[in-house]
Amino acid sequence: MVKTSKIRHILAVVIILVTLYLVASLAIRLVGGNEKEAGLPKLPRNIDLSLKTLHYAETREGVKKWDLYADRGEYDRQRDVTLLTGVRIVFPGTDKTGEITLRSDKAEYFNATKDVTLTGNIHARSTSGMEFTTGRASYRASRQLVVTDDRVSFRDARFAVEGVGMEFLVPTRTLRILNDVRATIAPAPKD
């Protein structure tokens, strides 16, 4: 037969253990509650979705027109615009024209038109050696045209052109510098 004093001791130990468990659970909730709030930063009011990296490919009639990559994207549903940072657009080319990679610090991708407005350190370079730089530009998807009204520098194998304003037709690689044009042409190498 179990003595009454032993039962009291067992009950006292159980009560102490349950009390310690409840105190520990309450303490963990109080401390852990602050960590949950710090885990996910709040999005700005106009942003509905934020992605760390993204890749978007545009194809028409089964032919790839361009790939758009960004380090970060934030979708603004009200404007139907995706705000991008660390942007890279790759336009495929033929063996003759080569692929062109266009980079910028920031961009806005207009989801309805698929147009892209680029800003900050815009630099384009082709696999054939052509390159241009400017401060801001737009890619008009319907015409596959890169345009800017900003100062632009263009360089190819034997010549360099600077000016203000540019139109660059991506499929044909046709370039027009619109104003204040200054060109330097290097002599052909001697045989």
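I counted a salt bridge wherever a side-chain nitrogen of Lys or Arg lies within 4 Å of a carboxyl oxygen of Asp or Glu. I kept in mind that this is a predicted model, in which local features need pLDDT of at least 70 and side-chain atom pairs count only at pLDDT 80 or more, while totals for chains, interfaces and linings use all residues. Residues are numbered from 1 along each chain as its sequence is written, and side-chain values use heavy atoms, with hydrogens and water left out.

**Salt bridges**

Asp 150 forms one with Arg 136, where the closest N and O atoms are 3.9 Å apart. Asp 150 lies in strand β8 and Arg 136 in strand β7, so this pair ties together parts that are 14 residues apart in sequence. I took strands (E, at least two residues) and helices (H or I, at least four) as DSSP runs, numbered from the N terminus. Arg 136 also forms a salt bridge with Asp 149, with the closest N and O atoms 3.2 Å apart, and this pair is 13 residues apart.

For exposure I used relative accessible area, where buried means under 20%, exposed over 50% and partly exposed in between (1.4 Å probe, protein chains only). Arg 136 counts as partly exposed at 40%, whereas Asp 149 counts as exposed at 54%.

I then looked up Glu 167 and Arg 176, whose side chains meet in a salt bridge at 3.3 Å, N to O. Glu 167 is partly exposed at 27%, and Arg 176 is partly exposed at 48%. I also noted that Glu 58, Arg 60 and Lys 114 are linked in a network of salt bridges.

**Strands**

I treated two strands as paired if DSSP finds at least two bridges between them. Strand β7 (residues 131-140) runs antiparallel to strand β8 (residues 145-155), and seven bridges join them; Thr 133 stands opposite Ser 153 in β8. The two form a hairpin with four residues between them, and Gln 144 in the turn has a positive phi of about 50°.

Which way does β9 run relative to β8? Strand β9 (residues 159-169) is antiparallel to β8, with nine bridges joining them, and Phe 154 stands opposite Val 161 in β9. I found three residues between β8 and β9 in their hairpin.

**Helix α1**

Last, I checked Val 18, which lies in helix α1 (residues 4-39) and is partly exposed at 44% relative accessible area.
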